[in-house]
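Subject: Handover of a structure

Dear colleague,

Please find the structure below, followed by a summary of what was found in it.

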Amino acid sequence: MPTLVEHAMRHRMIPMLAHLVMDEDDLPLPAQLRGELLGALLTNRARVGRLGDAAAEAVGALQREGVRVAVTKGIALASTVYGGHGVRKMMDADLMIHPQDRATVSRVLEELGFQQGLYDWKRHQITELPARRRAVYRLSPDHLPHFMRLEPYRGGTLVIDVANSVTWTHSEWQVPMDAVLEDLEQAESPGSGAPLPVLTPPWQFLFTALHLFREAWFVETAQAGKDMLYKYADLLGLWRRDRSVLSTMVPELVGRYGLQRPVAWVLEHTDRTFGSDLAAGTGLSGAVSEDFLAGAVAPGGHPMRWSGTMNERLCRANRADLFEAVAEPL
């Protein structure tokens with residue numbers, strides 16, 4: 001049990017673990033641990049609700065300004081994939097917009113009391129975003145700097161993360177946002193239950209895969225452990241929910257926008273780790289080489305290789321020595 005809890009903490013899955021084990025009376029679970037797990041689940045459930053309300057507030061204000069916007073990631077999946085149980089850990093509420101609306105979105109969120117900066121938890125204050133961080137966002141304008149608003153009673157912040165790309169600024173894989181945002185569907189907010197705009201199932205699936213690829217492909221984020229297990233859970237949950245639609249529409253979108261390599265990288269590793277059939281179901285089995293599956297990129301674009309299986313990689317607490325430089329891209 002200690003090892004399981006450690007892994008769940010590292011992969012931000014304590015609420016999921018709590019939901020699974022709380023009613024299992026046969027498990028040798030100490031009363032103190034059972035209480036801590038329940039507290040973590042209830043705390044996360046409450047926070048997810050507040051983030052859902054913040055997303056609904058932001059979306060409503062943006063729509064009144066004529067901004068086309070969709071909620072993504074955890075807020076979009078809370079009711080559909082995770083059943084409204086509040087088990088999916090969320091650090092922020094994620095929105096997707098068109099790049100042309102960046103200025104309007106910034107203005108509207110500031111009018112709602114959100115500001116860009118860093119949270120000083122000791123003083124319960126939002127401090128100015130350092131110039132170096134602002135420069136990073138200017139050079140890589142696929143996201144706006146995080147917007148945050150103080151919660152009452154020194155309770156932290158509500159954070160809204162706004163993206164305007166399903167990949168990243170300097171990626172060789174680019175998708176026009178007009179296509180991504182052309183058709184939207186609705187899901188219930190994990191807070192009030194209000195309807196929120198979400199991406200269609202194919203684009204939800206592809207964005208989830210592409211975001212996971214970004215976190216796992218770059219050495220800097222992979223070594224920081226950002227390619228966490230719950231992101232694979234998101235992908236598998238979407239596949240189980242909408243398999244028939246995804247198996248038909250994802251291959252067409254992947255071919256149209258040339259996304260075979262990054263999507264196949266994620267789906268192949270997912271299948272090998274969890275025994276799923278995502279790559280076969282989307283026609284991407286064998287779409288990339290073993291060398292590419294072992295590839296990664298270091299800062300500055302330098303090609304790297306990592307060894308072992310994804311299962312072994314996800315179980316590692318320290319990935320500092322997992323990657324090695326190679327002469328040519330894999």
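At 11% relative accessibility, Glu 215 counts as buried, because buried means under 20% relative accessible area, with exposed over 50% and partly exposed in between (1.4 Å probe, protein chains only). Glu 215 belongs to helix α8 (residues 201-217); helices (H or I, at least four residues) and strands (E, at least two) are DSSP runs, numbered from the N terminus. Leaving aside neighbours within four places in sequence, Glu 215 is in contact (heavy atoms within 4.5 Å) with Thr 221, Ala 222, Lys 226, Asp 227 and Lys 231.

Some notes on the source are needed here. This is a predicted model, in which local features need pLDDT of at least 70 and side-chain atom pairs count only at pLDDT 80 or more, while totals for chains, interfaces and linings use all residues. Residues are numbered from 1 along each chain as its sequence is written, and side-chain values use heavy atoms, with hydrogens and water left out.

Not counting residues up to four places away in sequence, Phe 205 touches Leu 235, Leu 238, Trp 239, Leu 246, Val 250, Leu 267 and Leu 278.

In helix α5 (residues 102-111), the buried residues are Val 105, Ser 106, Val 108 and Leu 109. They pack against α3, β2 (93-97), β3 (115-116), β6 (147-150) and β7 (157-163). After α5 comes Gly 113, with a positive phi near 95 degrees.

Helix α2 is mostly covered, with six of its eight residues buried: Ile 14, Pro 15, Met 16, Leu 17, Ala 18 and Val 21. These pack against α1, α3 (31-64) and α10.

A pocket is an open set of points on a 1 Å grid over the protein atoms alone, where a 1.4 Å probe fits, with protein on both sides within 12 Å along at least five of seven lines; lining residues have an atom within 4 Å of a point. Of the 18 residues that line the second largest pocket, Met 13, Met 16, Leu 17, Leu 20 and Leu 229 are the closest to its centre. The largest share of this lining, four residues, comes from α2.

Yours sincerely
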